[in-house]
Amino acid sequence: ALQSQARKSTVPVTVRGDGIGRYAREAEAAVYFSCLEALQNVAKYASATEVTVSLADGDGTLRFDVTDDGVGFDTTASAYGTGLQGIADRLAALDGSIEVRSTIGAGTTVEGTIPVRLPQPN
């Protein structure tokens, strides 16, 4: 589903998630919609030329990173806007968390994690 949305982005997106299994619907939905929100933020604010969405699992954690090469921003000078706050709320509802790292002139990474049970068979 992320691949399909990535193809519609105004900024070129690479999705990496080899070996990721299936998880409970609520975990998959939280990651999916969080990644979509992060991609929308890139399109609106980042002036990026490329974005990478990476999915990984291990040690009972499902993780995503959305990394762009855009203008970045000072994370200490601004609170979460509605998009980032929505991601934070969505992940917190599943005992997850968000971390935003950004450097002015060098892009932004939005990382989310959710504790999960082992992947379910396909």
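Me: Strands here are DSSP runs of at least two residues, numbered from the N terminus. In which segment is the place of Val116?
Reply: This is a predicted model. Strand E5 covers residues 107–115. Val116 has its place in the segment after E5.

Me: Is Val116 buried or exposed?
Reply: Buried means under 20% relative accessible area. Val116 has a relative accessible area of 17%, so it counts as buried.

Me: Which residues is Val116 in contact with, leaving aside its neighbours within four places in sequence?
Reply: Tyr23 is 93 residues away along the chain, yet its C-alpha atom is 7.5 Å from that of Val116. Contact needs heavy atoms within 4.5 Å. With sequence neighbours set aside, the contacts of Val116 are Tyr23, Ala27, Gly60, Thr61 and Leu62.

Me: Which strands stand at the edges of the sheet, and why is one side of each left without a neighbour?
Reply: The open sheet has five strands with mixed pairing, in the order E1-E2-E3-E5-E4. Each edge strand has a single partner strand, so one of its sides has no neighbour in the sheet. The edge strands are E1 (13–16) and E4 (97–103).

Me: What is the bridge partner of Thr67 in E5?
Reply: Strand E3 spans residues 61–68. E3 pairs with E5 in the antiparallel sense, over seven bridges. In E5, Thr67 has as its bridge partner Thr109.

Me: At about what angle to E3 does helix H2 run?
Reply: H2 takes in residues 25–46. This helix lies across E1, E2, E3 and E5. Its angle to E3 is about 10°.

How values were computed
Residues numbered from 1 in each chain as written. Predicted model: local features only at pLDDT ≥ 70, side-chain atom pairs only at ≥ 80, totals over all residues. Heavy atoms only, no water. Pairing = 2+ DSSP bridges. Helix = DSSP H or I, 4+ residues; strand = E, 2+ residues; numbered from the N terminus. Axes fitted to C-alpha atoms, helices over the stretch in contact; angles between N-to-C directions. Buried < 20%, exposed > 50% of the residue type's maximum accessible area, 1.4 Å probe, protein only.
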